[in-house]
Amino acid sequence: MLEQVNLKKAITKEEYQSEADRLKTELTMLQQEMKQIGLPVIILFEGWGAAGKGSAISKMILNLDPRGFKVYSTIDATQEEQRKPIMHRYWSKIPAHGNISIFDRSWYQDISIAQLEKHISKEELNRRTESIKTFERQLSDDGYLIIKFFLHISKKEQKKRFDKLKEEKSTAWRVTSLDKERNKNYDKYYEVFDNMLINTNTSDAPWHPIGAEDTRGAMFNIYTILVNNIKNAIAKRRAQKQVPQVEIPTISVPQTIHLIEVPKLSEINLNKTITDEDYKKLLGKAQEKLHKLHNKLYQKKIPVIICYEGWDAAGKGGNIKRVAAALDPRGYEVNPIAAPDKTELAHHYLWRFWNQLPKAGHIAIFDRTWYGRVMVERIEGFCSNEEWHRAYTEINEFEKELYDWGAIIVKFWIHIDKEEQLKRFEDRQNTPEKRWKITDEDWRNREKWDDYEVAINDMLQYTSTDFAPWTIIESKDKKFARIKAIKTLINQIEIRLGK
């Protein structure tokens with residue numbers, strides 16, 4: 001792609017001024033339209049050192065309301081960030097609907113200069129590339145506009161700019177020995193950058209290579225691309241709101257995802273029990289074993305993500321309590337998931353879960369999860385048909401990203417039948433110290449039991465994978481359920497540890 005960039009093209013000061021003021025004014029007005037319709041925009045700048053990324057960003061933001069954007073400068077990941085999945089620090093910075101995130105360098109550093117300076121393997125390069133493409137596609141599908149600029153200059157021009165910076169004491173510090181080395185090996189970096197652009201130039205997020213040797217011409221092109229892309233995105237969003245969706249989407253699972261068959265809920269035998277004596281004996285042994293494994297997980301820096309879903313009153317809380325009792329309190333966290341708040345609703349639905357992931361070596365227990373997208377949000381109409389159909393793929397991709405990072409993912413469906421739920425509801429209603437556990441919403445959800453059962457069976461069918469399988473926990477006998485859950489967790493940890 002870089003060979004197609006015309007580095008000699010330039011425009012005069014008069015030509016620039018005649019159009020630039022109009023484009024700047026239009027950009028200012030478009031930001032207000034973006035805010036009104038909730039269009040989130042990501043603008044990222046990649047390119048050569050001294051190509052003018054910082055200067056371009058500084059000029060661009062002069063035309064924007066500072067309350068509606070944030071600028072992020074991407075540097076090497078901190079020690080804390082290195083203990084999270086590689087895309088975590090970028091997910092945490094995506095804008096809310098109607099806002100703009102601007103990146104001075106971005107996730108592309110992880111697949112470009114990292115090849116030469118951190119010597120990542122070809123396999124890791126391919127994995128990171130696919131992660132980036134998935135990240136951008138998921139955001140695009142959710143309505144985000146992604147505009148990617150690469151500022152291109154020649155080796156000769158780069159050296160000229162470095163020399164000029166070094167002449168002044170106030171700017172000499174900006175030219176490092178690494179900059180000199182990169183200029184010396186310009187051809188190697190050129191090849192890496194060009195391959196990066198080709199491999200990640202998608203319809204969801206196309207690249208815009210900009211000849212940056214003429215600064216006026218570069219800014220004119222940047223303003224033009226910004227205005228045209230934002231205008232088109234606004235028009236598209238307005239049109240989508242006017243035309244109701246009539247076609248029913250299909251559920252699709254990527255060919256790279258291998259599903260594991262799970263029985264339907266109606267096929268589960270709920271009459272499994274355990275004696276009180278066996279329960280006490282087995283619980284103590286299992287908790288002791290889990291405690292020892294937790295220490296090994298910390299030493300080997302292996303993260304664990306435990307997902308609890310299940311019927312209301314099925315016993316999730318008691319189950320979680322017995323698992324947590326076996327863990328070092330410094331190395332785990334329980335994340336109770338309620339309905340999303342205003343800030344969470346203004347982002348991609350996976351955003352809040354990316355922000356609650358454990359560090360390497362720690363355990364995160366989720367009391368309800370991202371699967372709300374294909375259950376309660378599906379049933380209650382909190383998302384569109386297209387969104388919850390698409391979510392099966394997005395969730396599988398999310399969990400695959402966590403697995404590739406090194407996480408052990410354990411997913412439990414805590415299961416009871418309709419009659420047992422009614423019995424527990426009535427017990428809570430009639431027992432003063434338990435009454436806080438029952439709400440009007442629980443009774444409303446119960447009325448939709450059949451709809452939920454269809455959605456749950458779909459969830460189990462389309463998201464039980466070889467790297468993150470579902471385990472159905474028979475919980476009519478809560479004590480049996482607790483032992484099965486802890487044993488399942490121990491088994492999956494031991495498999496990863498190689499026992």
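A residue is called buried here when its relative accessible area is under 20%, exposed when that area is over 50%, and partly exposed in between, with a 1.4 Å probe applied to protein chains only. By that definition Y392 is buried, its relative accessible area being 0%. The model is predicted, so local features need pLDDT of at least 70 and side-chain atom pairs count only at pLDDT 80 or more, while totals for chains, interfaces and linings use all residues. Residues are numbered from 1 along each chain as its sequence is written, and side-chain values use heavy atoms, with hydrogens and water left out.

The protein chain has 499 residues, and 53% of them count as buried. Along the principal axes, its C-alpha atoms fill a box of roughly 85 × 50 × 40 Å. The secondary structure comprises 21 helices and ten strands; these are DSSP runs numbered from the N terminus, with helices taken as H or I of at least four residues and strands as E of at least two. Contact means heavy atoms within 4.5 Å. Of the contacts in the protein chain with a separation of 6 or more, 83% are between residues 24 or more positions apart.

Two helix pairs show how the packing is arranged. For these, axes are lines fitted to C-alpha atoms, for helices over the stretch in contact, and angles run from 0 to 180 degrees between N-to-C directions. Angles under 35 degrees count as roughly parallel, over 145 as roughly antiparallel, 65 to 115 as roughly perpendicular and the rest as oblique. A crossing is left-handed if the near helix is turned anticlockwise from the far one by less than a right angle, and right-handed if clockwise.

Helix α1 (residues 13-37) and helix α11 (residues 215-242) have axes that come within 9 Å and cross at roughly 30°. The two helices α1 and α11 are therefore roughly parallel to each other, and their crossing is left-handed. The contact of α1 with α11 involves 13 nonpolar residues, one polar and ten charged.

Helix α6 (residues 122-141) meets α17 at a crossing of roughly 150°, with axes that come within 11 Å. This makes α6 roughly antiparallel to α17, and the crossing of this pair is also left-handed. On the α6 side the contact is formed by R127, S131, T134, R137, Q138 and D141, which meet R390, T393, E394, E397, E401 and D404 in α17. By class, the contact of α6 with α17 has no nonpolar residues, four polar and eight charged.

Aromatic rings provide further links. Rings of Phe, Tyr and Trp (its six-membered ring) pair if their centres lie within 6.5 Å; planes under 30 degrees apart count as stacked, over 60 as edge-to-face and the rest as tilted. The count by this rule is 28 aromatic pairs. One of them is the stacked pair of W91 and W354, with 5.5 Å centre to centre and 10° between the planes. This pair links distant parts of the chain, with W91 in helix α4 (residues 88-91) and W354 in helix α15 (residues 351-354), 263 residues apart. Both W91 and W354 are buried. The rings of Y392 and Y462 have centres 5.4 Å apart and planes at 50°, so this pair is tilted. Since Y392 lies in helix α17 (residues 385-405) and Y462 in helix α20 (residues 449-463), the pair ties together parts that are 70 residues apart in sequence.

Several individual residues deserve a visit. K53 is in helix α2 (residues 53-61) and counts as buried at 7% relative accessibility. Leaving aside neighbours within four places in sequence, K53 is in contact with F45, E46, G47, W48, D104, R105 and L151. The C-alpha atoms of K53 and L151 are separated by 7.0 Å, although the two residues are 98 residues apart along the chain. N319, in helix α13 (residues 316-324), is buried with a relative accessible area of 1%. Not counting residues up to four places away in sequence, N319 touches Y308, I414, I473, A481, R482 and A485.

A313 is not a glycine, yet has a positive phi of about 70°; A313 lies in the loop between β6 (304-310) and α13 and counts as buried at 7% relative accessibility. R368, also a residue other than glycine, has a positive phi near 80°. R368 is found in the loop between β8 (363-367) and α16 (376-380) and is partly exposed, with a relative accessible area of 25%.

Methods
Nonpolar A, V, L, I, M, F, W, Y, C, P; charged D, E, K, R; others polar.
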